[in-house]
Structures are given as structure tokens and as C-alpha cells.
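Me: Let's go through the cavities and pockets of this model. Keep it brisk.

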Amino acid sequence: MEYAAIRHFEDKRYCYAIKKGQFLIRLEVKKEDVESVTLYMQDKYLPVEFIDTRKKQLMKLAYSDHYIDYYEVIVEMDVICLRYFFEIKDKTGKVVYYGNHNFYDNCIRDIDRMFDCPQSLREEELFELPGWAKNKVVYQIFPSRFATDQVISERVWYQEPIDHKANLGGTLQGIIQRLEYIKNLGIDIIYMTPVFSSSSSHKYNIDNYYEIDKSFGTKEDLKELVEKAHKMGMYVILDGVFNHTAVDFFAFKDIVEKKEQSKYRDWYEIKDFPLIMEWGKKPNYKTFGYVGSMPKLNLQNQETADFVIDVATYWIKECDIDGWRLDVADEIHHAFWKRFRKEIKAIKKEILIIGEIWHFAGDFLEGDEWDTIMNYQFYYAVLDLIALEKISVVSFMESLDFIKGNLNKSLEGYLWNCIDSHDTARFLYSTQNQIEKQKLAAALQLLLPGMPMIYYGDEVGLNGGPDPDCRRGMLWDEKRQNKELFCYYQRLLQIRHQYPALTEGTIVKQYVKDEIGLISIERIWEKQTIQLIFHAQKGSVELPEQKGIKNLINNQDFTGSLGDYEVAVLFY
């Protein structure tokens, strides 16, 4: 037994409240090193010689990543404080007891050698998530390139490749005119990249946070978009660029003009003067990615933090938006995000907070900062499995299990699972235009729990290389659209909405077969039983036992065979 691999802490990752009176407790061990784990519990304050509160529960192997097995158990609790420890049995039959970060050969009797869980403390730290958002489908829109209410020539709109400076004339009214299209696809949430005043096409260098960019329209247009989306049962999320501003932002302009004498000097982190703002030279002030035109705000400064909070609450109050996606959110300190959450949730409790982060985000997802993230770990797993063919199906599932094993269980239905975005090459481009691979990626994205985020145009075969070419004009000309692909996306979303077993169901059977590239997941929810089968290889695979079962993808009996990168959704 590998003692060094055994890990548990009495914190919000390993011991937390799911709801009042119900707790999840988690233990990590070396992969395939343990036969069983049993949790022993007792009341801290009631001596067992007077009232015997001792009990035990067998823990379940919940997830397995590349190196670790995650054991979990859900316990009912009604105490002031719980004391607990683990009995761990390895494959050879050896038993060890683990409590308060020490190992013992004999069952632990001394409560001070056990782990500790104050019930009220953990319940007060309960991770409260907006119920409306769970497992909803997100559609990402790049406003300048999605739709317009202006007259734009096809030569301009459909230019490819496209660069950062191209002005396609996209507008908020253009988006409003396409709301029926979005709803008809099966979308629940519209997420728009920045819409505020900026000199660029991408608007990530904002010069006025209280004005809609004139090229997009007005505040009234945004209000109309939100109101109409709400009436259609959809939600609207805006992009919050609070890490940095444009150089034309009023505070930075004042610094450029007045230098050391500017009253806004502490709004940024400036090393010295004069400012180095020349292209190709490293700025002497903090920026986003050493880009001199995007100076980084100092959110440890009270006035700067107050300004950002005011901006965030202003648009909630003015336009009734439903969430903020936070740009470069992992480069802003935790204390600010804790304050941000409290203050905007005081305005609208059910507002959704999404952080942009490209790596593991456990320290931001403990219930007091963000609600969820753009799940780029999912993106890389799908990219490596399907487009690049670098990993096996077992490795793919292990990557997903790492996420599940290290985050709060409640988050599974909230992670923004993407296969591309405005910051990556289009997935179709990454597959070298193999539509069957795109369809498999879409199925993994849209048929598993989480909040799948579809990047505009993926559903009709919009192509494009790395940023900025991934931001081409949306394919509105039907002759340019892949209609069969659109129908496939639409059907997957219909299935997702119609069969809650896909997202809410309990996994009753799961197997992965590397040699044939097969993933099978069977879920049950109430009277629904669904079996998902993903074939992630070329060639065919025979599944005679499933022959004749209804395949929801085409509403026909399953033939018992899957072809290249094909998917079946079997309904029992």
C-alpha cells in the first residue's frame, strides 16, 4: 500500500455539505492499490461509554484518473462536530487506519487522532449555485462577426482567412433578428464576448464600461435583446473584462498625461516613468500578456475595485443580464472575487459567474468566488482524443475523472464544456475538415452532464484556423451551410432536453475498451434508461447485444454496428 498517495483534508474539497444534514467525504489513494475503504464516524462531544454514536459506511470508488482512485461516500449528519477516520484495505488484505494525517495498525479509539468536521461551519459554506443554469446549453457569440442589420457585401462578410482588423458590421439588432434561429437550434443561454466601447473588433480593450460600442448599437438594444431572449425562455451572459482596460480608458489616459502626479496612478501597477508603450518592447507596467495596449488594473486598490463592482452591478440593474463571464479571471486575486460574488449576488442572487481559466481551478471553485469555469480541460481531452488522436478512450475518461474527483460534486452540471472558442482554432479545422470527427466531438459535448458551450457557427460547419481566423463571419448563406450537420446538432440538443437521464441520471454501468475505441455509459433517471455509446476510431464495431434497441439519434432500431466515429443513444 502506497501511504504517500493517500490524501484527505478536512476542507471544501474532501469534506463538504451537499445540503443541510448531508455531507460528501472523499479520500484519494494510488490507482488500483486498494481493495476497499470504510469510513468510521462518531460524535465528537458524546462519549461512547454513555451514548454509542459510532457507525461506519463503505465508501464507493467514484472516479479514477491517470494515477489516483477517488473514494467517496455521502453521509447523513446531525451533530455539532463529527470525528471520523478511514479503514483502508489493500489488494493483499493488509488493513491500515488513517486519521488526523497519521496511519495506525489498530482501529482508532482516541477521537483526537481522528479527522474533524464541524457541521454548522461546513453548512454555512454550502456551495449555492443558480438552479436555472444547471446543464443548460450555451451559445457563444462574437458580436462583430455574428449577424448584422446593415447591408454588408458577401465579399466582406465571408472573407477568409480573417484578421483582427476586419470590420464586418455585426450588431445587437442583428443578434435580435436571429433569436429564432438560436432558439430553434436548442439553445438556453446566449453568451456574448464584450459589447462595450472599444477601438478593436474583439472589444477586449475597453475604453468605456458604461457604454455599448456604437458599432453594435445602444443600451436600449441590449435591453431589447435581453427582454426578447427572456420571453423566449433564454438567458443572456455578458463578458466582463475586469483584468485590464484600453489605453484610452479615462484613468490610464490621465496617467499618460500627468504621469506621477495622476490621481489614478494606483489604479494600475506601474514600475516607473516614462511609460514604455512601444510595440515590440516589454512595458514597464503590468499588462495582459505583455500587450502594452491592455494595461492591467490594480484591483487591490480600493477605488479600482469599487469601480469594477459598480460596472458589474450597473448592467445587472440596467439590463437584467443573467451572468458575467470573467476574462483572464485567474490573474485577479481571490479577495476581489470573494467581494465580487457577494456584491453582485446581493443585487441578483441567481446571477451566474463564470471564470475564464485554462487549467485546474479548484481554488476558485470552493463556493465563495466563481460558480463555474470555461472547461478547457474538457476541450483539450476532446481535441487530443479525436482531432489529434494522441490519447486513448481510457485516457480521455481518466481526464474527465480528474476533474470530477477534484471539484465539488455539484459542479458537474455547471462546467462549460467547449470543443473550441474565440481563442482557439475551430474544431473542424483541427480535424482537417473531417465532419464525422466534429460530430463525435459534438456528441461528447452535448450528451454528457455540464453546460456545453457551442461556438457560433460550429453547427453549420464554420471553419477557421487559430485566432483571429476562428472569428469569421457566421454562415447565413444557406448554400454555405452544412445542413446535415445543423440537423445533427439540433437532434442532439432535442435528445438532451427530452431525456434528463443524460444529465441527471445515475451511472449504473460504464465500460471503456481501448482496443476498439469504445465508451459506453448507461444512466437511469426515474423511468428512463439511456445507454450512450461513442466509437472514437475508424472502422466498424459490432454490438450484437444492443441490436434492435431504439437509437434516439435517428429514431430507428439500432443495427448493432457503429462506423467511423459514430455515436448511438439507446433508449430502453
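Reply: Ala, Val, Leu, Ile, Met, Phe, Trp, Tyr, Cys and Pro count as nonpolar, Asp, Glu, Lys and Arg as charged, and the others, Gly among them, as polar. The model is predicted.

Me: How many charged residues are in the lining of the second largest cavity?
Reply: This cavity has a volume of about 110 Å³. Its lining has 15 residues, and Lys12, Tyr16, Leu365, Glu366 and Asn408 are the closest to its centre. By class, 6 are nonpolar and 4 polar, and the charged ones number 5.

Me: Which element supplies the largest share of the lining of the largest cavity?
Reply: About 180 Å³ of space lies in this cavity. Among its 16 lining residues, Leu400, Lys404, Glu412, Asn417 and Pro449 are the closest to the centre. Helix H11 (393-406), strand E23 (506-513) and strand E24 (518-525) each give at least two. The largest share, 4 residues, comes from H11.

Me: Which element gives the largest share of the lining of the largest pocket?
Reply: The volume here is about 990 Å³. The lining has 32 residues, with Tyr63, Lys409, Glu412, Gly505 and Thr506 nearest the centre. Strand E5 (60-64), strand E6 (68-76), H11, helix H15 (501-504), E23 and E24 each give two or more. The largest share is 5 residues, and it comes from E5.

Me: How many polar residues are in the lining of the second largest pocket?
Reply: This pocket holds about 620 Å³ of space. Of its 33 lining residues, Ser200, His202, Tyr204, Met294 and Arg471 are the closest to the centre. Strand E17 gives the most, with 3 residues. By class, 9 are nonpolar and 9 charged, and the polar ones number 15.

Conventions
Residues numbered from 1 in each chain as written. Predicted model: local features only at pLDDT ≥ 70, side-chain atom pairs only at ≥ 80, totals over all residues. Heavy atoms only, no water. 1 Å grid on protein atoms, 1.4 Å probe; cavity = no way out; pocket = protein on both sides within 12 Å on 5 of 7 lines; lining within 4 Å. Points joined across faces, edges and corners; volume = space filled by probe spheres on them.
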